[in-house]
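Please look over the model shown here.

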Amino acid sequence: MSDVSMPTPLEALAADTRAALGDAVAAEKLEFGELTLTVARDRIVEAVTHLRDAGFVSFIDVCGVDYPERAERFDVVYHLLSPTKNLRVRLKVATDDMTPVPSITGIFPGADWFEREAYDLYGILFSGHPDLRRILTDYGFDGHPLRKDFPLTGFVEVRYDEERKRVVYEPVRLAQEFRSFDFLSPWEGTDYVLPGDEKAKS
């Protein structure tokens, strides 16, 4: 009796994808029952097409992840599902804020809004996208809010001006600075004297 174990469905999928795509698969990771394939940026359409033809016909998500310390600071992450095999696969592509990633809207039209969202919130560009515009932020919005170097307050604030009878954009003014909280238990007391409590501490 042979003690060679059969590959799991995800291991078999990884081997099949490697055989079909060759050097397009830069890395693979199988952990926690999930398969993650890192794919060459210019061959993502080929990889997604192969997986669709292999039964991964349900497109779940495209999203971005920001690693500011890297030269290619963004990961574009794709999630696909095979309903018949009951398997999920994750694809990752690395890029920067100047190099576009090929759009997969020709394979999965539902990726349209997800790619627009990644562009709006991270500034990730997609070549071949039919309508790459902002989708969540306002017209003329400056910057991309989910980048890790984007200020917490943003650059402009919006309010309705009663005198002008219209919405106006102004630079952000902080009426109150960010507060730092000590998180000490009120039953243990504070290490500092509260205003008006000088006598109680003496």
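**Helix α3**

This is a predicted model. Helix α3 covers residues 111-122. Its twelve residues, at 1.5 Å each, should span 16 Å; the end C-alpha atoms lie 16 Å apart, so the two values agree. Nine of the twelve residues of α3 are buried, which means the helix is largely enclosed by the rest of the structure. Among the buried residues are the charged D112, E115, R116 and D120. Y119, L121 and Y122 are buried too, as are A111 and A118. The cover over these buried residues includes β3 (58-66), β4 (74-82) and β7 (126-127). After α3 comes G123, with a positive phi near 85°.

T36 belongs to strand β2, residues 34-39. Buried means under 20% relative accessible area. S82, at 0%, therefore counts as buried. T36 has 11%, so T36 is buried as well.

What does each side chain reach? The table lists the polar contacts.

| Residue | Partner | Distance |
|---|---|---|
| T36 side chain | R90 side chain | 2.7 Å |

Leaving out residues up to four places away in sequence, S82 touches G55, F56 and L87. With that exclusion, T36 touches A27, E28, K29, R90 and K92.

Definitions and conventions:
Residues numbered from 1 in each chain as written. Predicted model: local features only at pLDDT ≥ 70, side-chain atom pairs only at ≥ 80, totals over all residues. Heavy atoms only, no water. Helix = DSSP H or I, 4+ residues; strand = E, 2+ residues; numbered from the N terminus. Expected span 1.5 Å × (residues − 1). Buried < 20%, exposed > 50% of the residue type's maximum accessible area, 1.4 Å probe, protein only. Contact = heavy atoms within 4.5 Å. Polar contact = N/O pair within 3.5 Å; in protein donor to acceptor, adjacent residues only side chain to side chain.
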